[in-house]
Amino acid sequence: MSSDKVRLNTEWLCDCGGCHVALVDLHEKILNVLESVEILKCPVLTDEKSYPEAEIGILTGSIRTEHDRHAAMEMRKHCKTIIAFGTCAVYGGLHGAGLAHSREEIINHVYRDNPTTITDFAPQDEIDGLEKLVIPVDEVIDVDLYMPGCPPHAHFIFEALSALVNGKEPRVKHESVCGGCDRTMKKTDVSEIKGSNEGIPDDDICFLSQGYICLGSVTLDRCLSPCPNHGIMCTGCAGPIMQILSEPTRDLRTEVSERMSRITAIPAATIVESMEKSAKTHYAYAMATKMIGNKPTFLIKKWIADVEAM
Ligand code: SF4
Ligand code: SF4
Ligand code: SF4
């Protein structure tokens, strides 16, 4: 391999593996990347256990175990530029929904009280300790570049890697999923919220106009809007848009309810109530980040308790 190539390490922490699959799933563009990048460590491609010195380090997944913490710190020590890659690394990701429960509740539910896997065995002694919280990577190490997405679309991965290997700052776009959605928002007299599996939505009209909760307007576009363009409501997997993150009192449910109530006959309070009932779904991807968790409007434990008390 040529010594003038940019050296790359990747490491996965607590995640589903999807971000690493996305990294090596650039189709023919992987050839362009390999022309200028030398992959030294990558759990899905190499059997490298140590952390070689590298210019770029890509971390996927969030910190949930002692292993994750150690691996993130080793990557920081040995890589010049660290990229938090994917929604798990940037915001904690889907398993951030675990924050709504204690470690004991999760372990008991998965290993002991689950009707299909009843056992007295729980693997605490065999694996690295589960930490108390799920946290994004930048709560443990400094991060140089954030690339949310679950996983980020190949278009954005290629764009960022190309910029970095050429010594440039990657371009960061701030559009929401709505920007790439072909549906049209229009005023309707829809008066009830529908579940995602209820009825057959019109293909051309915005889901919000039809009474379906879609998070496209409050979600960063790191995917080129595939879900709403293929008949599925956006569940916010790339994490919130900058306005939600940066303004303390702006929140997913308040933003969506205001927008949806303006284009339907559904009162904003009804939409807020509905989103709170499904808080673990609507907030899952980013609830582990302090930018959401510390908001004065973020009351997930209370919302869950209210629903359970019904
Ligand atoms: S961001 Fe999504 S695809 Fe990537 S590791 Fe997390 S859950 Fe998987
Ligand atoms: S809210 Fe959803 S359906 Fe409506 S325009 Fe945005 S992405 Fe499309
Ligand atoms: S449209 Fe929404 S749910 Fe679908 S991939 Fe994009 S951010 Fe994720």
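Me: Are F298 and W303 buried or exposed?
Reply: In this predicted model, F298 is buried, and W303 is buried as well.

Me: How are the rings of F298 and W303 arranged?
Reply: The two rings form an edge-to-face aromatic pair. The distance is 6.0 Å centre to centre, with 70° between the planes.

Me: Which residues make up the cluster that F298 and W303 belong to?
Reply: Ring pairs link F298 and W303 with Y283 into a cluster.

Me: How many aromatic pairs are there?
Reply: The count comes to 4 aromatic pairs. One of them joins F207 and Y212, whose ring centres are 6.0 Å apart. Their planes stand at 80°, so this pair is edge-to-face.

Me: Why does 80° make the F207 and Y212 pair edge-to-face?
Reply: Planes over 60 degrees apart count as edge-to-face, and the planes of F207 and Y212 are at 80°.

Me: And are F207 and Y212 buried or exposed?
Reply: Both F207 and Y212 are buried.

Me: Which charged residue sits over the ring of F207?
Reply: That residue is R183: its charged end is placed over the F207 ring, 3.9 Å from the centre.

Me: What lies over the face of Y51?
Reply: K41 does, at 4.4 Å from the ring centre.

Me: How does strand 1 run relative to strand 2, parallel or antiparallel?
Reply: Strand 1 and strand 2 run parallel and are joined by 4 bridges. Within this pairing, L8 has I39 of strand 2 as its bridge partner.

Me: What about strand 1 and strand 3, how many bridges do they have?
Reply: These strands pair over 5 bridges, in the parallel sense. L8 stands opposite I56 of strand 3, while N9 has G57 of strand 3 as its bridge partner.

Me: How many residues of strand 3 are buried?
Reply: Of its 7 residues, 6 are buried, and strand 3 is mostly covered.

Me: Where does the sheet continue from strand 3?
Reply: Strand 3 pairs with strand 5 (residues 79–85) in the parallel sense, over 6 bridges. In that pairing G57 stands opposite I82.

Me: Which residues make the nonpolar surface patch?
Reply: W12, V24, V44 and L45 make the patch, with an area of about 310 Å². V44 belongs to the loop between strand 2 (37–41) and strand 3 (54–60).

Me: Why is V44 called partly exposed?
Reply: Its relative accessible area is 34%, and partly exposed covers values between the 20% limit for buried and the 50% limit for exposed.

Me: Now the backbone. Which residues does the cis peptide bond join?
Reply: The cis peptide bond joins C150 and P151, with omega at about -10°. P151 is in the loop between strand 7 (145–147) and helix 6 (154–165).

Me: What is phi of L224, and what is phi of S225?
Reply: Phi is near 65° for L224, a positive value in a residue other than glycine. For S225, also a residue other than glycine, phi is positive and near 55°. Most residues other than glycine have a negative phi.

Me: Where is L224?
Reply: L224 is in the loop between helix 6 and helix 7 (226–229), and S225 also lies in the loop between helix 6 and helix 7.

Note on methods:
Residues are numbered from 1 along each chain as its sequence is written. Chains are lettered from A and ligands numbered from 1 in the order in which they are written. This is a predicted model: local features need pLDDT of at least 70, side-chain atom pairs count only at pLDDT 80 or more; totals for chains, interfaces and linings use all residues. Side-chain values use heavy atoms; hydrogens and water are left out. Patches are made of residues with over 30% relative accessible area and no salt bridge: like charges are joined within 9 Å, nonpolar side chains (Val, Leu, Ile, Met, Phe, Trp, Tyr) within 5 Å. Accessible areas come from the Shrake-Rupley method with a 1.4 Å probe; for residues, only the protein chains shown count as cover. A salt bridge is a side-chain nitrogen of Lys or Arg within 4 Å of a carboxyl oxygen of Asp or Glu. Helices (H or I, at least four residues) and strands (E, at least two) are DSSP runs, numbered from the N terminus. Buried means under 20% relative accessible area, exposed over 50%, partly exposed in between (1.4 Å probe, protein chains only). Rings of Phe, Tyr and Trp (its six-membered ring) pair if their centres lie within 6.5 Å; planes under 30 degrees apart count as stacked, over 60 as edge-to-face and the rest as tilted. A charge sits over a ring if NZ of Lys or CZ of Arg is within 6 Å of the ring centre and within 35 degrees of the ring normal. Two strands pair if DSSP finds at least two bridges between them.
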